[in-house]
Amino acid sequence: MRSQAETSVLARVDELAAEMIEFLQQLVRIPTINPPGENYRDCAQLAGDKLREFGYEVRFIEAAGRPECTANFPRVNVIGRLHGSRLNPTLHFNGHIDVVPPGAGWTLDPFAAELRKGRIYGRGATDQKAGIAASLFAVEAIRRAGVRVIGSVEQSATVDEESGGLAGVAYLAEQGYIRPDSVDYVIITEPLDYDRICLGHRGVYWFEVLMHGRIAHGSMPFLGVSAIDRMGRLIERIERELKPKLAERRTRMPVEPDGARSATINVNSILGGQHPDLPQTPCVADLCRAVFDRRFLIEERLEDVRDEIIELVEELRAADSELQYELKDLLIVHPTMTGPESTLVKTMRDALRETVDREPPLIASPGTYDQKHFARLAGIEQCIAYGPGILKMAHQPDEYCEIEHLTAACKAMAIGAMRLLGVA
Ligand SMILES: [Zn+2]
């Protein structure tokens, strides 16, 4: 049931729509392209100024000490805090300001933020500057309606999500700016569809295998041992034996699309022997390197995932006693999921039912995003992703966000915030 206060806040969102659209256009017009991480300071400043205008206490946090934080490309994050009548609960909204490069295929200027037929076009319109605009204006609508909430609100706009978030959310968590004793709920405003709630993501294990061989003249390959052939045998076993096994392993997490509800593996890159761009000499390859991207499920243990690979190589070695290899971990992200029965999920589910007018599906993401840092580094248990826009628009040419989705998400966030924080 919608309260009177909620009804008046929703009316404020409609009144504020033009202002919210203008702010989103301003955000999109700053090309915060990552890599390399352009114009972060300007974009953080724009978000920070808006937060100040809306009554927040604002701090700019540069990721000093991180190697990617340079004089030309400073990594500037911003956090605002709006005090309620009590410190807790605190609801933290987070959005990333970086966007991927526009790429080819645009018919419009990717940074003009044109408004056409109820859509705002531009790189980052959906992923995910609309999310930043929606959460700022959701809380502002509450304030302008004269409704006082009991708990407090934090909003952060952070860098580098598209490249792993180490100078963004991870930095804020490590430096103690985001802590479980001061933050109860986190909503990451990523676009996984404006009418769905995302509970978490699968795990990532990136590893490199280096195969050794023995060099010999290419006209007499039988005198050497090819590292490429050895790698080929490993890849063949992955294809024939491991992949079918992984496809059978299904998670209880509601990952979308359905194919990603299984464990998966992908060969990300391979390099063996001489570089094909260089003049060639006839040689048996004595080295071959490949990088693999294994996505693992919340039901799998990282140690088992790694052992499974080692076992495959060791079995090859049983038939090839001179085989030498090295296995190196490159990146590990553990799976994370907020419980569907948690206060945050239940409240946002109710809020969406009120505003989007249908039962919101609960999903999980095939790839990772900044939730890993909130969950694993900051130790915050209740964290979801919810924001305007539709997932398949992310990173596309002619990316756009529907104004209708922007206001719908803004309304859901406003109702969610009031219910999570309590109204005085
Ligand atoms: Zn994103």
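**Salt bridges, a zinc site and a buried glutamine**

Arg41 has a relative accessible area of 42% and is therefore partly exposed (buried means under 20% relative accessible area, exposed over 50%, and partly exposed in between, with a 1.4 Å probe and protein chains only). The model is a predicted one, in which local features need pLDDT of at least 70 and side-chain atom pairs count only at pLDDT 80 or more, while totals for chains, interfaces and linings use all residues. Residues are numbered from 1 along each chain as its sequence is written, and side-chain values use heavy atoms, with hydrogens and water left out.

The side chain of Arg41 forms a salt bridge with that of Glu62 (3.5 Å, N to O); the term denotes a side-chain nitrogen of Lys or Arg within 4 Å of a carboxyl oxygen of Asp or Glu. This pair links distant parts of the chain, with Arg41 in helix 2 (residues 40-53) and Glu62 in strand 1 (residues 57-62), 21 residues apart. Helices (H or I, at least four residues) and strands (E, at least two) are DSSP runs, numbered from the N terminus. Glu62 is also partly exposed, at 35% relative accessibility.

Across the whole structure, a search finds 43 salt bridges. One of them joins the side chains of Arg119 and Glu402 (3.3 Å, N to O). Arg119 belongs to strand 5 (residues 119-121) and Glu402 to strand 16 (residues 400-402), so this pair ties together parts that are 283 residues apart in sequence. A further salt bridge pairs Arg143 with Glu140 (3.0 Å, N to O); these residues are three apart in helix 3, which means a separation of about one helical turn. Here Arg143 is partly exposed at 39%, whereas Glu140 is buried at 3%.

Turning to the metal, the zinc ion is coordinated by His96 (NE2), Asp127 (OD), Glu190 (OE) and Glu190 (OE), at 1.9 to 2.8 Å. Donors are N, O and S atoms within 2.8 Å of the metal (3.2 Å for Na, K and Ca); water is not among the atoms, so sites may look incomplete. The four donor atoms subtend angles of 51 to 149°, so the arrangement is irregular. Asp127 lies in helix 3 (residues 125-144) and Glu190 in the loop between strand 7 (185-188) and strand 8 (197-201), so the pair ties together parts 63 residues apart in sequence. Both Asp127 and Glu190 are buried.

Gln371, in helix 8 (residues 371-377), is likewise buried, with a relative accessible area of 0%.

Note on methods. Tetrahedral: all angles 85-135°; square planar, octahedral: opposite > 155°, others 65-115°.
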